[in-house]
Amino acid sequence: MSDNILLIRNLETDYSLGNGGYVKAIRSLSLDVRRGESLALVGESGSGKSTLALSIMRLIEKPNKIAEGEIIFLDKDRDISVLKLGEIGLRLFRWKKVAMIFQSAMNILNPVMRVENQFIDTFEAHNIQDDYNQRINKYLTIAGLGKKVRRLYPHELSGGMKQRVSIALALSCEPELLIADEPTTALDVVVQREILFELRQLKNSLNLSIIFITHDLSVASAVADRIGIFYAGRIVEIGKKNDVINRPAHPYAKLLLGSIVTLSTPRGKELSSLEGTPPDLSKEIKGCSFYERCPSHVKQCLTYDLQPLKVGEDHYVECLRAQELLDSEY
Amino acid sequence: MESQISINENNPTDGTQNDLIRFVDVTKIFKSGHVRNYALDKVNLSIKEGESLSIVGESGSGKSTLGLVAVNLLRINSGKILFQGKDISRLRGASLRSFRRNTQMVFQDPYSSLNPYNTIYQSVIAPVNANRQYYENLTGEKADSRSHLRDRVAEMLDLVGLTPGQNFLDLYPKKLSGGQRQRVALARSLILRPRLIVADEPTSMLDVSISAQVLNLLTKLKKDFKFSVMYISHELGTSKYISDKMAVMNLGRVVEYGSSDEITENPMHPYTDILIKSMLEVGGFRTEEPLAKIDFGQYNGGIVGCTFAHSCPFVTDQCLKERPQLERKENDHWVACFHPLGR
Amino acid sequence: MIGNYNPENTNIQASELPPVKENLLVQIWHNRKARTGIMIIGFFAIFGIIGQIHTPYPASFDNFPTWLPPSAKHWFGTDYDGHDVFSQFMYGTGVSLYVGAAVALIAVSLGTMAGLVSGYYGGIVDNALMRFVDILLILPTFPLLVILSTYFKPTVTSTIIVIGILSWPFMARVIRSQILTVKQRPFVQASILAGMPGYQIMLKEIFKFTLPLIIINAVYIFVGAIVAQAGLAFFGLGDLASINWGTMLYYAQSQDAVIYYAWWWIVPPGLSIAILGIAANFFGNGITEVFGERAGEV
């Protein structure tokens, strides 16, 4: 198949409830990320999409744990098993191979350091030897910022500029994969568009792979080549952007799309309403996790073994009736 | 009497009696040190009975401040706010409290708009307890027995989709999800049958599917209770979805006002144009063309000319020297710009 | 964010929940830390009350042989003067706890009132009160206690008043800042819009948030007062004729109990003070947890 950069196999990440019990935030999830693609993972809060990002970065801390599975990063010359990395390996893996930007840029930026010093710190931590000055300027320019920014403190920057600095910082060690966790959620619409534009451009010019995590399908569709829909710790549908948006096969994906309001939504149109709440992930779930809320469930769904079914080229859905529903609707 | 003239000139309404609330030259200044920050700079607007108006703008545009002064949680520095023809901006004490029966607010953060130590019943019944006599006149029923009031609150909870309402009465907010809390907040705001609901980004902290439920609910309640809505949001999609009227704000001023369809389809103010082009659709960007960069960084209030002049691609000398007034350009479309688009 | 799972999505339908109102007292009792604290303090309280009514020997009877080690007849032995230490300890516990409780009552009333008034009215009242509090907080408490108690006629009551007056400022501060924080929350704005008058918002909506602080501070002041009184007595200040933990330690020290290896005289009052301090901490932590759970903030 095509050239992959990251393989995730049967990953399970558990959050401790503090009383000996665990919430399975990610449930036996498998995923391939391709080299040079941008993959958007869309889901609602608690669906596990951010947990996946933290798991890839190995940022899951005790008492929470990655209970099972494998994450393999396919480097140019060798394969890195991310879950087996030691402390030093991990430090080089983070930022040099995979970098991350967050919803709040302040998660990356140190409020009491000038922007340029933050870069230098990063370079020193990752043994980068070449001309710091040149490198800082290069990446600030790439992120659409002027040299003036170097001498400023984070609080002197606007929200959009902060996010640009954090993008520049994330890219400055030349990672091959960038994970962006809701990078534009806290920003105004005009700035959001600018940042999304920028990210899309960077992907092409630097041949980056991007995992884009968001709750907003319209944001996802602006930047992604492929879209994966998260529900209850699993990816229930994944496929090319246009396939997922125009021919969603999973009932959840369909409902999610129907509940979005954009400028082209007619006034007063009844929005799709998703009744009930997601399942309790601290308990064993039999069959399909969407069963109880699903308008088209049948008995067999309860014994479904969660094998993704192919419904089109490069389009996989975790629903027994996917093909049937697609055929009847489109 | 002199302000009467300025109303007719500047206020984008027909000046008829059916204005529910009307803002006349409303100005609110926040001082920080020596800097006078104009959160609202001579705002003129009105909402009719049963109408809904969306206030859109980016952060810092003053839209939330406008919501707070509409319900008199903030005092204005100058201007007037006429509610059913009466100036309410300087009310105090008991007369202020009786005005408050007419307006209610739904807040952005459902996690802090309910008191965690109060049960759902206690939260929803609070307005009735504070306005016992008014409530009795309103409903024509005695409001003295607790079981009767509990039934009324349960009915209200049913109406906002918390069914069966009886089961929710004695719960504490922590047992409810964000969407459920926002429903409780709606129930509380509706129990005195107010004429105006100010909703300040009521869905921005909710998940997409939950937000859709709240929007559906708001649409339904608006029909059933026939109240006016002032819907405040940075998000044009939901703003247009909820309201037939829209006002676009920028740095404390209303730059465009009119029917939401008109504004979103044929924006006249360059700022509105950029806002709309920046919105996303399911499928991607609305336009691939490069847009002018907006930078409001260095100004905060007290601007002589147009607030958008420094980012505007069509700026002229006039824009820097003179403040453009809101003027009617089409039947239901007002814009504050010397060089409106499409003209 | 990291590692902090938001269980928002695991919410159950309300129809599945039993609509019970949790009783605050029951909830406190079910908290292990709070219960441990209550049991320890309760034990001392009962022990002290019994000591006021009945002791094995009269507490001031001093005709036993001196420096007797613990035995079946004298559980905690006897002291330099031939007092029965157990009887003295039993009686003294009551006096010490009485001092603590009385001081807590004074300080909690003053502190709560000042905090509420200051936080609610704000402005000049707030400024005046808080500057006064600042002055009291700046003054080093213990030396001030020493100075003040030399001016008053040394009785138990005067000690209570002096400690009480010096214990409330911190509490006023804490309660005021809590009120200022809570006042900012949107539900307070919602109450204003509901048409509730200011004092009602204060009492019905905001006051509940200060309750855990009041309870916790009350317990800390209670223990703090016992320690302060013992400290004063240890330096020979206050009413030395009164029998309590402080005076017991004072005489043990001044009559060289250590040289006579009379640990039985020192350990009971000394250890009790320490245990009471631990109990107060248990209780305070427990209360914090209980109120946190109630508000859904833990």
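Here are some friendly notes on this structure, taken chain by chain.

1. A word on the ground rules. This is a predicted model, in which local features need pLDDT of at least 70 and side-chain atom pairs count only at pLDDT 80 or more, while totals for chains, interfaces and linings use all residues. Residues are numbered from 1 along each chain as its sequence is written, and chains are lettered from A and ligands numbered from 1 in the order in which they are written.

2. Let us start with strand 8 of chain A, residues 209–214. Helices and strands here are DSSP runs numbered from the N terminus, with at least four residues of H or I for a helix and at least two of E for a strand. In strand 8 of chain A, 6 of the 6 residues are buried, so the strand is largely enclosed by the rest of the structure. Both of its faces are covered, with Ser209(A), Ile211(A) and Ile213(A) on one side and Ile210(A), Phe212(A) and Thr214(A) on the other. A residue is buried if 20 or more other C-beta atoms lie within 10 Å of its own, exposed if 12 or fewer, and partly exposed in between, the C-beta atoms being placed from the backbone.

3. Together with helix 6 of chain A (residues 189–206), they make a right-handed β-α-β unit. Right-handed means that, with the strands pointing away from the viewer, the path from the first strand over the helix to the second runs clockwise.

4. Helix 1 of chain A (residues 49–56) is another enclosed element: 8 of its 8 residues are buried, so the rest of the structure largely surrounds it. Among them are Lys49(A), Ser50(A) and Thr51(A). Just after this helix, Arg58(A) takes a positive phi of about 55 degrees.

5. Chain B has an open sheet of 4 strands in the order 2-1-4-5, with antiparallel pairing. Strand 2 (35–48) and strand 5 (86–87) of chain B stand at the edges with a single partner strand each, so one side of each has no neighbour in the sheet. Strand 4 of chain B (residues 78–83) pairs with strand 5 of chain B over 2 bridges, and Leu82(B) has Asp87(B) as its bridge partner.

6. Where do chains A and B meet? In all, 31 residues of chain B are in contact with 32 residues of chain A, contact meaning C-beta atoms, placed from the backbone, within 7 Å. On the chain B side, helix 9 (208–225) and helix 10 (236–242) are among the elements that each supply at least two residues. Helix 9 of chain B gives the most, with 7 residues.

7. Chain C has 10 helices and 0 strands. Of its 298 residues, 43% count as buried, and its C-alpha trace spans about 75 × 50 × 40 Å along its principal axes. Among contacts in chain C between residues at least 6 apart in sequence, 71% join residues at least 24 apart.

Technical notes. Two strands pair if DSSP finds at least two bridges between them. Two residues are in contact if their C-beta atoms, placed from the backbone, lie within 7 Å.
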